[in-house]
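Let's take a walk through this protein together. Have the sequence and the model open side by side as you read.

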Amino acid sequence: MRTWPDSKSFKKVHAYYALIDIDECSRNLDNCDVNADCSNEDGYFTCRCSNGWIGNGFNCTNEDECTVPSHACDTNAECIDSIGSYYCTCKEGYYGDGWSKCKGKQQTIK
Ligand SMILES: [Ca+2]
Ligand SMILES: [Ca+2]
């Protein structure tokens with residue numbers, strides 16, 4: 001998302017606005033969402049939602065990663081959405097960390 005240059009984006013030099021960039025990010029002049037990353041550019045700045053968040057950079061909301069097929073849960077795991085992230089737990093009968101390893105059903109001794 002781009003914001004257009006305005007007087008806040010440039011330093012005032014002898015009553016003229018010179019094309020000297022101001023780093024809005026480090027000066028906290030940006031209006032990026034708290035869950036976005038600010039990136040300084042010449043004459044403006046950009047905001048991009050952080051991983052786990054979606055939006056235009058100024059408003060970021062939780063992304064439901066479980067609806068995206070590329071989530072990293074094991075095929076034998078359930079994906080559970082959380083705010084700003086998600087996690088995986090092995091389905092019933094499987095054991096492991098939920099991400100890369102949900103190994104076959106546990107052996108039961110009869
Ligand atoms: Ca800038
Ligand atoms: Ca999420």
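**Around the core**

Ala36 touches Cys47, Arg48, Cys49, Ser50, Gly57 and Cys60, leaving aside residues up to four places away in sequence; a contact here means that two C-beta atoms, placed from the backbone, lie within 7 Å. This is a predicted model, in which local features need pLDDT of at least 70 and side-chain atom pairs count only at pLDDT 80 or more, while totals for chains, interfaces and linings use all residues. Residues are numbered from 1 along each chain as its sequence is written, and chains are lettered from A and ligands numbered from 1 in the order in which they are written.

Ala36 also belongs to the largest nonpolar core, together with Cys32, Cys47, Cys49, Trp53 and Cys60. Such a core is a set of buried Ala, Val, Leu, Ile, Met, Phe, Trp, Tyr and Cys residues joined through C-beta atoms within 7 Å. Buried means 20 or more other C-beta atoms within 10 Å of a residue's own, exposed means 12 or fewer, and partly exposed lies in between, with C-beta atoms placed from the backbone. Of the 110 residues, 18% count as buried.

Now for the strands: the protein has 10 of them and zero helices, both taken as DSSP runs numbered from the N terminus (helices H or I, at least four residues; strands E, at least two). Strands S7 (residues 77-82) and S8 (residues 85-90) run antiparallel, joined by six bridges; pairing takes at least two DSSP bridges. Glu78 has Thr89 in S8 as its bridge partner. Two residues separate S7 and S8 in this hairpin, and Gly84 in the turn has a positive phi of about 80°.
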